[in-house]
Amino acid sequence: MSIERAAAALRAGDLVVFPTETVYGLGADAANSLAIARIYQAKGRPRFNPLITHISNLDEALKHAVLHEKAIALAETFWPGPLTLVATRHRDSTVAELACAGLSTVALRAPSHPLARALIAAFGGPVAAPSANRSGRVSPTTIGHAREELGDAAALLIDGDPCEHGLESTIVAVNAAGEATLLRPGAITRAAIETVTGGLAVPVPGSVEAPGMLASHYAPRARLRLNAEAPRGGEAYLAFGAEAPVGGLSLSLTGDLVEAAANLYAHLRALDAAGAETIAVAPIPSHGLGEAIDDRLARAAAPR
Ligand code: TXA
Ligand code: MG
């Protein structure tokens with residue numbers, strides 16, 4: 001049946017459009033950074049915005065996030081349903097760093113839609129999925145609209161009825177001190193959230209629209225030198241489209257931007273951990289996913 005085929009597609013690293021009670025999602029294996037890179041490519045996002053990871057229940061969520069008791073109370077009240085919780089990523093989480101856009105937090109949601117639940121159960125792991133629209137366009141609430149937006153990018157589309165809510169999930173961040181912040185209003189009202197949390201902090205302006213600016217974003221300890229055609233003495237080299245000299249790494253030997261995006265965080269981290277003082281980074285073409293890679297590199301290179 002189609003749910004089994006869709007789960008197999010996710011296992012193969014392909015993308016699947018599926019219905020949720022809020023809007024249609026474009027799903028991928030959350031643990032597979034190459035599949036996550038394909039999502040960013042399909043959506044045409046100029047930046048790596050963090051994605052929501054879909055899980056089946058609170059027990060699964062606890063494998064991926066460190067949840068304060070207030071977050072647990074929210075999950076117990078509103079899951080399965082249109083609530084997304086943002087919390088510190090668990091150190092043993094299998095969710096790819098690219099899905100979290102390098103943040104130290106992870107966004108988790110247990111949807112209530114039976115087809116979404118069946119897909120997550122059949123796949124047996126976390127499913128990362130943004131709304132199934134191209135960047136800057138409205139979220140699709142019917143299978144026809146989702147097909148129009150991203151039908152070409154998906155290996156398979158799961159056909160469902162028009163979405164019950166037609167509005168994205170409410171996103172609430174709960175930090176280690178138990179402070180809850182409404183990051184995105186959505187299908188569950190602020191008042192309903194407040195009955196559980198008691199109150200809600202006001203988000204820092206711009207922090208949600210531009211999560212790439214958040215201080216908690218992964219930044220290497222090493223300095224970065226961008227657009228470097230070759231390393232200078234003592235520098236570690238992050239190559240693109242070619243092999244790196246000894247001590248360096250290549251984002252993609254063949255110059256594939258999807259592969260480069262998938263390798264970006266892991267390679268920066270590895271060169272950093274090896275003790276490089278400066279990482280020289282090869283020029284990255286600015287088309288397609290290159291724009292998001294360049295944006296991320298420029299942030300990592302900025303003075304701190
Ligand atoms: O209803 C929904 O939530 C739908 C369905 C498919 O589940 N998904 C959805 O995903 O709306 P998307 O990618 O269109 O929106 C995800 C939002 C973005 O605004 C992103 O910045 C925020 O979640 N987000 C994800 N992880 C975050 C994090 N760690 N910290 C702050 N914001 C985060
Ligand atoms: Mg969206």
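This is a predicted model: local features need pLDDT of at least 70, side-chain atom pairs count only at pLDDT 80 or more; totals for chains, interfaces and linings use all residues.
Residues are numbered from 1 along each chain as its sequence is written, chains are lettered from A and ligands numbered from 1 in the order in which they are written, and side-chain values use heavy atoms, with hydrogens and water left out.

One of the salt bridges joins Glu21 and Arg109, with 2.8 Å from N to O. What does this pair tie together? Glu21 sits in the loop between β1 (16-18) and β2 (25-29) and Arg109 in strand β6, so the bridge connects parts that are 88 residues apart in sequence. The names of these elements come from DSSP runs, numbered from the N terminus: helices are H or I with at least four residues, and strands are E with at least two. Both Glu21 and Arg109 are buried. Buried means under 20% relative accessible area, exposed means over 50%, and partly exposed is in between (1.4 Å probe, protein chains only).

Another salt bridge brings Arg269 and Glu97 together at 2.1 Å, N to O. This one also links distant parts of the chain: Arg269 is in helix α8 (residues 257-273), Glu97 is in the loop between β5 (83-89) and β6, and the two are 172 residues apart.

For Arg137 and Glu149, the salt bridge is 2.8 Å from N to O. Arg137 lies in the loop between β7 (127-128) and α6 (143-150) and Glu149 in helix α6 itself, so here the parts tied together are 12 residues apart in sequence. Glu149 is buried, with a relative accessible area of 8%. Salt bridges can also form a network, as they do among Arg47, Asp295 and Arg299.

Arg109 turns up again when we look at ligand 1. One of the ligand's oxygen atoms is 3.0 Å from an N or O atom in the Arg109 side chain. Ser131 has a side-chain N or O atom 2.9 Å from an oxygen atom of ligand 1, and for Ser169 the distance from a polar side-chain atom to a ligand oxygen is 2.5 Å. A polar contact is a pair of N or O atoms within 3.5 Å; within protein, one must be able to donate a hydrogen and the other to accept it, and residues adjacent in sequence count only if both atoms are side-chain atoms.

How much of ligand 1 does the protein cover? The answer is 93% of the 690 Å² of accessible area that the ligand has on its own. Accessible areas come from the Shrake-Rupley method with a 1.4 Å probe; for residues, only the protein chains shown count as cover. The elements that give two or more residues to the shell around the ligand are β3 (52-54), β6 (105-109) and β10 (180-184), and β6 gives the most, with 3 residues.

In total, 23 residues surround ligand 1, the closest being Thr22, His54, Thr105, Ser131 and Ser169. A residue is near a molecule or strand if one of its heavy atoms lies within 4 Å of it. The shell divides into 13 nonpolar, 6 polar and 4 charged residues, where Ala, Val, Leu, Ile, Met, Phe, Trp, Tyr, Cys and Pro count as nonpolar, Asp, Glu, Lys and Arg as charged, and the others, Gly among them, as polar.

Now for a sheet. Four strands, in the order β11-β14-β12-β13, form an open sheet with parallel pairing. Its edge strands are β11 (223-225) and β13, each of which pairs on one side only. Two strands pair if DSSP finds at least two bridges between them. Strand β12 (residues 236-239) has 3 bridges to strand β14 (residues 278-281) and 2 bridges to strand β13 (residues 249-250).

Tyr237 is partnered with Ala280 in β14. Which way do the residues of β12 point? Ala236 and Leu238 point one way, Tyr237 and Ala239 the other way, and all are buried. In a regular strand, side chains alternate between the two faces of the sheet.

Methods:
A salt bridge is a side-chain nitrogen of Lys or Arg within 4 Å of a carboxyl oxygen of Asp or Glu.
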